[in-house]
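Please keep the view open as you read.

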Amino acid sequence: MLTTRLIKVDPLRPDRRSIGDAATIIKNGGLVAFPTETVYGLGANALDAAASSKIFFAKSRPTDNPLIVHIADKKQLKIVAKEVPKHVIKAMDSLWPGPISFLLKKSDKIPDTVTAGLNTVVVRMPAHPVALELIKQSGVPIAAPSANLSTRPSPTSAEHVMQDLKGRIDMVLDGGDAFFGIESTIVDVTSHEPVLLRPGAITVEELSKYLGKIIAPNSNVREGAAVAPGMKYRHYAPNSPLYVAEKEFLKESMNALENERVGVLCSKETAAKHKTKNVIVMGSEKDMYEIARNLFASLRKLDELKVNFGLIQEFEDKGIGLAIMNRIRKASSHKAVAIENRYLRIE
Ligand code: TXA
Ligand code: MG
């Protein structure tokens with residue numbers, strides 16, 4: 001068991017000294033969890049195979065699921081990737097730092113452990129002062145998956161990280177709640193037509209302004225495809241079984257469900273006046289980014305309710321809703337409820 005130090009930092013003006021301690025851990029081959037604008041990441045020196053392999057152990061992550069490499073400036077891109085096409089550089093100039101990750105040809109400096117033996121690497125420059133300062137002071141690119149135990153919902157606060165990884169890592173930098181609460185968008189730019197590997201905080205609509213038409217914007221199309229090894233694993237799962245349910249069904253059943261051991265995760269509009277402890281309000285449908293921000297924390301809250309199962313509202317697959325529904329479908333292992341003769345049928 002390691003002693004995990006929990007250090008508070010100002011997310012916008014981080015104290016250089018506390019980040020300095022974290023950077024020393026990274027340089028010495030240790031593990032530091034840190035806030036990014038999407039979710040908390042679990043970082044190690046991306047150029048050090050032994051350090052990066054500790055990430056898989058700490059998270060109980062299968063070693064064939066590659067890690068995203070985080071950089072603080074464009075100079076570090078050369079260390080990590082090769083053959084970055086001109087139009088991709090232009091997109092990076094507009095979108096970085098930000099919640100968008102590009103799949104590129106990997107450089108020889110990145111050890112196979114990080115990319116799980118693939119000849120590609122996913123790179124991103126996070127838009128978070130703490131993350132950027134940590135990478136700068138460490139002086140190396142940082143490999144960082146989300147800082148949760150494998151299969152658990154991604155952490156959007158330092159508390160979530162401690163729930164999962166206390167005793168398994170060296171330090172957690174607590175910079176408060178993550179800004180977006182949903183992971184970065186991943187796009188494969190190794191061929192001439194960009195392919196969406198994971199919908200995320202930057203919408204496909206926004207991304208296509210810079211990259212043109214993007215293939216497979218449907219969240220499930222690439223599932224299981226060898227190109228994105230992580231997609232085949234169970235993800236974001238709360239401990240109790242979870243089912244996706246239509247808004248109208250939830251509204252109609254809310255009264256009946258109140259007396260059952262069922263947790264309901266829904267919008268403020270759907271919950272209306274039903275504010276019992278088994279109803280977890282994720283935000284207003286008028287601001288889908290609020291729902292995105294609260295989604296993972298709500299999945300963790302469901303576990304505290306000790307219910308038999310959870311029902312989560314279905315949202316429209318557009319804008320940030322595409323990323324929200326991608327996470328919801330995975331968290332529920334694609335299980336949904338349907339109404340048939342007014343009885344609940346679980347598929
Ligand atoms: O917002 C984010 O992207 C967060 C923060 C911490 O930066 N990170 C994150 O990492 O979500 P992770 O490991 O939880 O998800 C990365 C996904 C995984 O599904 C992995 O399989 C895929 O990216 N991936 C990474 N490298 C890849 C590669 N070379 N080829 C295909 N897929 C890759
Ligand atoms: Mg993850």
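## Starting at S18

S18 is found in helix α1; helices here are DSSP runs of H or I with at least four residues, strands are runs of E with at least two, and both are numbered from the N terminus. With a relative accessibility of 14%, S18 counts as buried, a word used for residues under 20% relative accessible area, while exposed means over 50% and partly exposed lies in between (1.4 Å probe, protein chains only). Setting aside neighbours within four places in sequence, S18 is in contact with I7, V9 and L173, where contact means heavy atoms within 4.5 Å.

A word on conventions: this is a predicted model, in which local features need pLDDT of at least 70 and side-chain atom pairs count only at pLDDT 80 or more, while totals for chains, interfaces and linings use all residues. Residues are numbered from 1 along each chain as its sequence is written, chains are lettered from A and ligands numbered from 1 in the order in which they are written, and side-chain values use heavy atoms, with hydrogens and water left out.

## The whole chain

The protein chain has 12 helices and 17 strands. Its radius of gyration is 20 Å, close to the 20 Å that the globule rule gives for 347 residues, so the chain is as compact as a globular protein of that length; the radius is taken over C-alpha atoms, and the rule is 2.2 Å times the number of residues to the power 0.38. Along the principal axes, the C-alpha trace of the protein chain spans about 60 × 45 × 35 Å.

Of the 347 residues in the protein chain, 58% are buried. Among contacts with a separation of 6 or more, 68% are between residues 24 or more positions apart.

## Confidence

pLDDT, the predictor's confidence in each residue from 0 to 100, averages 92 over the protein chain, and 92% of the residues score at least 70. Residues 219-227 are a stretch to treat with care: pLDDT stays under 50 there, and the model has 19 contacts for them beyond four places in sequence. Where pLDDT is low, the predicted coordinates should not be read in detail.

## A covered helix

Which residues of α6 are buried? They are V130, A131, L132, E133, L134, I135, Q137 and S138, making eight of the 10 residues in this helix, which runs over 129-138. The cover over them includes the helices α1 (16-27) and α3 (74-80), along with the strands β2 (32-34), β4 (68-70), β8 (142-143) and β9 (171-174). After α6 comes G139, with a positive phi near 75°.

## Backbone details in the loops

Most residues other than glycine have a negative phi, and most peptide bonds are trans. The bond between W96 and P97 is cis, with omega about -10°, and P97 sits in the loop between α4 and β6. G98 has its place in the loop between α4 (86-95) and β6 (100-106) and, at 2% relative accessibility, counts as buried. Beyond four places in sequence, G98 touches E37, R124, M125, P126 and A127; the C-alpha atoms of G98 and M125 are separated by 6.3 Å, although the two are 27 residues apart along the chain.

A116, in the loop between α5 (112-115) and β7 (120-124), has a positive phi near 55° and is partly exposed, with a relative accessible area of 27%. S333 has a positive phi near 50°. This serine lies in the loop between α12 (320-331) and β16 (337-340) and is partly exposed at 38%.
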